[in-house]
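Colleague: I would like to go through this model with you. Can we take it one point at a time?

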Amino acid sequence: MSSRRSHSRHSSASRITEEEINELVSKLQMMLPDAPISRNSRVSARKVLQETCSYIRSLHQEVDDLSEKLSELLASTDTDSAEAAILRSLLMQ
């Protein structure tokens with residue numbers, strides 16, 4: 001019986017409130033590049049989550065594209081050149 005109470009207490013303590021969800025959705029919305037700046041403009045949580053997923057996918061694609069360009073640049077650069085040294089130093093940061 002005590003394990004039931006313990007579990008019940010733990011699960012109710014770890015539940016997130018609607019207010020906390022709204023605050024997190026609001027923070028996500030403000031992080032999106034095309035999001036309205038005003039906190040008063042209400043957008044559904046569903047829409048914010050969809051836009052966030054879409055934005056993350058676009059960031060992944062951008063990283064992939066930049067990685068490909070960097071690989072091409074490194075492949076076309078003499079490994080002992082000043083340009084290669086600059087690229088290596090930037091990558092090590």
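**Contacts, surface and confidence**

Modeller: Leaving aside residues up to four places away in sequence, Leu87 touches Leu70, Leu73 and Leu74. This is a predicted model.

Colleague: Which helix does Leu87 lie in?

Modeller: Leu87 has contacts with Leu70, Leu73 and Leu74. Leu87 itself belongs to residues 82-91, which form helix 4.

Colleague: Does Leu87 count as buried or exposed?

Modeller: The cut-off for buried is under 20% relative accessible area. Leu87 has 13% relative accessibility, so Leu87 counts as buried.

Colleague: How far apart in space are Leu87 and Leu70, C-alpha to C-alpha?

Modeller: In sequence, Leu87 and Leu70 are 17 residues apart. Leu70 is one of the residues that Leu87 touches. From C-alpha to C-alpha, the distance in space is 8.9 Å.

Colleague: What is the order of elements from the N terminus on?

Modeller: The protein has four helices and zero strands. From the N terminus on, the order is α-α-α-α.

Colleague: What percentage of the 93 residues count as buried?

Modeller: Leu87, at 13% relative accessibility, counts as buried. Of the 93 residues, the buried share is 12%.

Colleague: Which residues form a nonpolar patch on the surface?

Modeller: Ile16 lies in the loop between helix 1 (2-14) and helix 2 (18-31). A patch residue needs over 30% relative accessible area. Ile16 has 46% relative accessibility, so Ile16 counts as partly exposed. The patch has about 260 Å² of accessible area together, and its residues are Ile16, Ile21 and Leu24.

Colleague: Which residue forms a salt bridge with Lys47?

Modeller: Side chains of opposite charge can pair when their charged atoms come close. The structure holds one salt bridge. For Lys47, the closest N and O atoms are 3.1 Å apart, and the partner is Glu51.

Colleague: How many residues apart are Lys47 and Glu51 in helix 3?

Modeller: Lys47 counts as partly exposed because its relative accessibility is 42%. Glu51 is also partly exposed, at 33%. Both lie in helix 3 (residues 45-76), about one turn of the helix from each other, and the separation is four residues.

Colleague: Where is confidence lowest in the protein?

Modeller: The protein averages a pLDDT of 82, and 80% of the residues score at least 70. Confidence is highest in helix 2, at a mean of 93. The lowest mean is 57, in helix 1.

Definitions and conventions:
Residues numbered from 1 in each chain as written. Heavy atoms only, no water. Helix = DSSP H or I, 4+ residues; strand = E, 2+ residues; numbered from the N terminus. Buried < 20%, exposed > 50% of the residue type's maximum accessible area, 1.4 Å probe, protein only. Patch = residues over 30% accessible without salt bridge, like charges linked within 9 Å, V, L, I, M, F, W, Y side chains within 5 Å. Areas by Shrake-Rupley, 256 points an atom, 1.4 Å probe, with all protein chains shown as cover. Salt bridge = Lys/Arg side-chain N within 4 Å of Asp/Glu carboxyl O. Contact = heavy atoms within 4.5 Å. pLDDT = per-residue confidence, 0-100.
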